[in-house]
Amino acid sequence: MIQYVIFDGDGRILQTGSCPEEMLDLQAGPGREVMEGGAGVTSYSHYVANGEIVERPGMGISVSKITLVADGSDEVAITGVPAGAQLSIDGPVVADAIADGEPISITSVHAGIYVIQATKFPYRDERININATEPA
Amino acid sequence: MQLNLHNYGDIDGAKAAAAKQIDAAAGRARARYLTVTEGQESVYQAKYADALAFVRAGCPADQVDVYPWIKVEAEATGQSYDVVANTIKAKGDPWHMETGPTIEGLRMGGKRALQDLADIGAVVAHARAVVQQLDVA
């Protein structure tokens with residue numbers, strides 16, 4: 001038995017598993033390439049680049065604070081989100097945006113927990129929780 | 001880049017929502033003082049108007065027939081006309097002379113001020129402030 005990973009044309013790991021060596025090629029299919037390997041590999045932590053399984057890089061995101069007064073003026077600043085990253089915001093307000101590579105300033109007028117997820121392959125997905133509180 | 005999180009399509013939507021919040025808060029404030037028993041509020045209004053007119057006219061007992069609410073209540077309870085009129089007036093004065101106008105001023109002024117606001121954050125902050133005032137009025 002050997003371990004294998006199945007990945008798409010961009011190198012995203014779709015599946016990991018094990019099979020008899022002679023059956024490795026049978027795991028491939030349309031949009032599914034296969035290669036041997038995969039110990040400790042997950043789709044979150046690794047991808048395939050130039051025929052090798054490598055770690056997905058982190059975005060290096062930093063956030064100025066994780067609480068926000070929901071008064072429309074208090075801001076949370078997020079830096080390190082690469083240009084082109086998909087931003088998905090879930091919470092009292094649901095929104096999507098594409099990062100432009102500049103620092104992101106966020107305000108809100110609705111209190112609650114916001115979950116902000118940034119995705120841009122091959123970077124690892126990043127998630128930030130921000131608690132927006134009612135103004136005093 | 002700037003992300004201002006709100007559920008309003010545009011500032012007009014925020015202003016419309018703010019106006020509704022202010023109206024609702026004014027309704028809650030009024031409900032703390034006014035009865036909701038069917039027909040009773042109009043009775044209180046009529047009695048207060050009668051009492052106010054009677055007192056302002058100097059409590060003229062010889063003309064009490066033109067103040068039916070005062071006349072009937074005084075005769076039904078065995079009190080004098082001026083005592084009945086002054087009691088009704090004293091109970092109604094706080095609402096008619098202060099609380100009611102204060103609530104309506106906050107409501108109308110709060111909604112009028114929305115017109116001059118140019119961003120959604122300011123609209124929401126303004127509505128919150130007016131609602132807070134109404135909640136303690």
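Helices (H or I, at least four residues) and strands (E, at least two) are DSSP runs, numbered from the N terminus. With that in hand, let's look at this predicted model, where local features need pLDDT of at least 70, side-chain atom pairs count only at pLDDT 80 or more, and totals for chains, interfaces and linings use all residues. Residues are numbered from 1 along each chain as its sequence is written, chains are lettered from A and ligands numbered from 1 in the order in which they are written, and side-chain values use heavy atoms, leaving out hydrogens and water. Chain A has zero helices and 13 strands, while chain B has five helices and one strand.

**Chain A at a glance**

- Chain A has 136 residues, and 36% of them count as buried (buried means under 20% relative accessible area, exposed over 50%, and partly exposed in between, with a 1.4 Å probe and protein chains only).
- Take the contacts (heavy atoms within 4.5 Å) in chain A between residues at least 6 apart in sequence: 47% of them join residues at least 24 apart.
- The accessible surface of chain A is about 7100 Å², with 48% of it belonging to carbon and sulfur atoms. Such areas come from the Shrake-Rupley method with a 1.4 Å probe, and for residues only the protein chains shown count as cover.

**Chain B at a glance**

- Chain B reads β-α-α-α-α-α along its sequence.
- Out of 137 residues in chain B, 34% count as buried.
- For contacts in chain B with a separation of 6 or more, 62% are between residues 24 or more positions apart.
- About 7700 Å² of chain B is accessible surface, and carbon and sulfur atoms hold 55% of that.

**How the helices of chain B pack**

- Helix α5 (residues 120–135) of chain B and α4(B) have axes that come within 10 Å and cross at roughly 180°. Axes here are lines fitted to C-alpha atoms, for helices over the stretch in contact, and angles run from 0 to 180 degrees between N-to-C directions.
- That makes α4(B) roughly antiparallel to α5(B) (angles under 35 degrees count as roughly parallel, over 145 as roughly antiparallel, 65 to 115 as roughly perpendicular, and the rest as oblique).
- Residues making this contact include B:Ile103, B:Leu106 and B:Gly110 from α4(B), along with B:Val123, B:His126 and B:Val130 from α5(B).
- Next up is the pairing of α1(B) with α5(B): their axes are 9 Å apart and the angle is about 5°.
- So α1(B) and α5(B) are roughly parallel to each other.
- On the α1(B) side, the residues in contact include B:Ile11, B:Ala14 and B:Ala18, and on the α5(B) side they include B:Ile120, B:Val123 and B:Ala127.

**Salt bridges**

- How many salt bridges are there over all chains? The count is 15, where a salt bridge is a side-chain nitrogen of Lys or Arg within 4 Å of a carboxyl oxygen of Asp or Glu.
- In chain A, A:Asp8 pairs with A:Arg12, and their closest N and O atoms are 3.8 Å apart. A:Asp8 is buried at a relative accessible area of 15%, whereas A:Arg12 is partly exposed at 34%.
- In chain B, B:Arg107 bridges to B:Asp23, with the closest N and O atoms 3.0 Å apart. B:Arg107 sits in helix α4 (residues 81–114) and B:Asp23 in helix α1 (residues 11–31), so the pair ties together parts that are 84 residues apart in sequence.
- B:Arg107 is buried, with a relative accessible area of 17%, but B:Asp23 is partly exposed at 28%.
- B:Lys71 also bridges to B:Glu75, and here the closest N and O atoms are 2.9 Å apart. They are four residues apart in helix α3 (residues 68–77) of chain B, so about one helical turn separates them.

**Cysteines**

- A disulfide is a covalent bond between the sulfur atoms of two cysteines.
- The count over all chains is zero disulfides, going by pairs of cysteine sulfur atoms within 2.5 Å.
- A:Cys19 is buried at 5% relative accessibility, while B:Cys59 is partly exposed at 23%.
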